[in-house]
Amino acid sequence: MHPFVQPKSATPLLVMASAIFFVCNIASASTPEETSPNVIDDALTTPSAVVADFNSDGHPDYVLGNPSTRQTAIWFLNNNVFIGSAFGPTIPASWNLEGAADFNQDLHPDYALFQPNFNRTAIWYLSGPTLIGTAFGPTLPSNWELVTTGDFNGNSFPDYVLFNSNTRRTAIWYLVNNIFAGSDFGPTLPPGWNLIGVADFNSDGHRDYLLFNAGNHQTAIWYLSGPTLIGTAFGPRIPGGWALVATADFNSDGHPDYLLYNPATRQTAIWYLNNNVFVGGAFGPTPPMGWSLVAP
């Protein structure tokens, strides 16, 4: 089943330089009415993708990764259309890429890395796809993991979103660049749902949680004010064979959209939304063999 009604032809995967890296950890999250107790309750079971605007053209781009070599690459997009690519830095063994955001305020997205074995975090500062510096971020407490990034306190610096798989609690760690500047607990996530990303779906100036239930393919938005849950709504249900892996505004209409991925075919697709309402879809480019948009 295709993920939208009006399919466009897939962009040819002629770019060898495109690559993806995986963003393994995803915190489960759920809407109270539709939890699925039979789904494995583990933040690592549903992978996500990393997207950000690396060439400053106002359009989010894919971060690809090669699981064998751990090389990353950027696929530059104009909406859903592939327009070019460049290799990014190679991620060291035992580290995972969890997000991309502008930590040092130089107008270029940077890599946020997490080392699960030691609970360490690091920021890799980039200029476009080029590594120009690194710094350690705060070390996380035991049983917590870094799952995504976003600015929750409105100071223009991205913050860490953490998840505790034992308690299913989330937390926001406020940062100034790579420096810890405070924290708050976020909402606790019911079993069966995963936290895929954060974005402002209802245009109130606050980041919201995007949730996905891999068991029934339902999506949901958890509306937040800072770290506080203020409402929920279901989003469109994802077709079988596809997964929701990221959110970003691909068509520049001011509303975050869904990024979908089919691991069997490596096909990508964009679902355009207005808040939580589906308004259209288009295929995106397909990563070449050996590269993936998400972790295996």
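User: Start anywhere. Is Ser203 buried, exposed or partly exposed?
Analyst: Ser203 is partly exposed, because its relative accessible area is 48%, and the cut-offs are under 20% for buried and over 50% for exposed. One thing to keep in mind: this is a predicted model.

User: Where is Ser203 found?
Analyst: Ser203 is found in the loop between β13 and β14, with β14 covering 208–212.

User: And what about its backbone? What is the phi of Ser203?
Analyst: Ser203 has a positive phi of about 55°, and it is not a glycine. Most residues other than glycine have a negative phi.

User: What about Arg266, what is its phi?
Analyst: Arg266 has a positive phi too, about 65°, although it is not a glycine. Arg266 sits in the loop between β18 (257–262) and β19 (267–274).

User: Why does Arg266 count as buried?
Analyst: Arg266 counts as buried because its relative accessibility is 17%, and the cut-off is under 20%.

User: Let's zoom out. How many helices and strands does the protein chain have?
Analyst: Zero helices and 20 strands.

User: How much of the protein chain is buried?
Analyst: Buried residues make up 61% of the 296 residues.

User: And what share of the contacts links residues 24 or more positions apart?
Analyst: Such pairs account for 49% of the contacts in the protein chain with a separation of 6 or more.

User: How does β9 run against β10?
Analyst: β9 and β10 run antiparallel, joined by six bridges. Within that pairing, Leu146 has Leu162 in β10 as its bridge partner.

User: And β10 with β11, how many bridges there?
Analyst: Five bridges, again in the antiparallel sense. Val161 has Ile172 in β11 as its bridge partner. The hairpin of β10 and β11 has four residues between the strands, and Arg168 in this hairpin takes a positive phi near 65°.

User: What does β11 do with β12?
Analyst: β11 (residues 169–176) and β12 (residues 179–188) pair in the antiparallel sense over seven bridges. Trp173 stands opposite Ser183 in β12. In the hairpin of β11 and β12, two residues lie between the strands, and Asn177 takes a positive phi near 60°.

User: Switching to β2. Why is it largely enclosed?
Analyst: Strand β2 spans residues 61–65, and five of its five residues are buried, so the rest of the structure largely encloses it. One side has Asp61, Val63 and Gly65, the other has Tyr62 and Leu64, and all are buried.

User: What about the link from β1 to β2, how many bridges?
Analyst: Three bridges join β1 to β2, and the strands run antiparallel. Ala52 has Asp61 in β2 as its bridge partner.

User: And which way does β2 pair with β3?
Analyst: β2 and β3 (residues 71–78) pair in the antiparallel sense over four bridges. Leu64 stands opposite Ala73 in β3. Their hairpin has five residues between the strands, and Arg70 takes a positive phi near 65° there.

User: Which residues have the most contacts inside the largest nonpolar core?
Analyst: Tyr62, Phe250, Tyr258, Leu259 and Leu293, in a core of 37 residues. Apart from that core lies another, of 16 residues, including Val50 and Leu113.

User: What is Phe250 in contact with, leaving aside neighbours within four places in sequence?
Analyst: Its contacts include Val51, Tyr62, Leu77, Leu259 and Tyr272.

User: What is the lining of the largest pocket made of, in nonpolar, polar and charged residues?
Analyst: It divides into 19 nonpolar, 11 polar and seven charged residues.

Conventions. Residues are numbered from 1 along each chain as its sequence is written. This is a predicted model: local features need pLDDT of at least 70, side-chain atom pairs count only at pLDDT 80 or more; totals for chains, interfaces and linings use all residues. Side-chain values use heavy atoms; hydrogens and water are left out. A nonpolar core is a set of buried Ala, Val, Leu, Ile, Met, Phe, Trp, Tyr and Cys residues joined through side-chain atoms within 4.5 Å. Buried means under 20% relative accessible area, exposed over 50%, partly exposed in between (1.4 Å probe, protein chains only). Contact means heavy atoms within 4.5 Å. Two strands pair if DSSP finds at least two bridges between them. Ala, Val, Leu, Ile, Met, Phe, Trp, Tyr, Cys and Pro count as nonpolar, Asp, Glu, Lys and Arg as charged, and the others, Gly among them, as polar.
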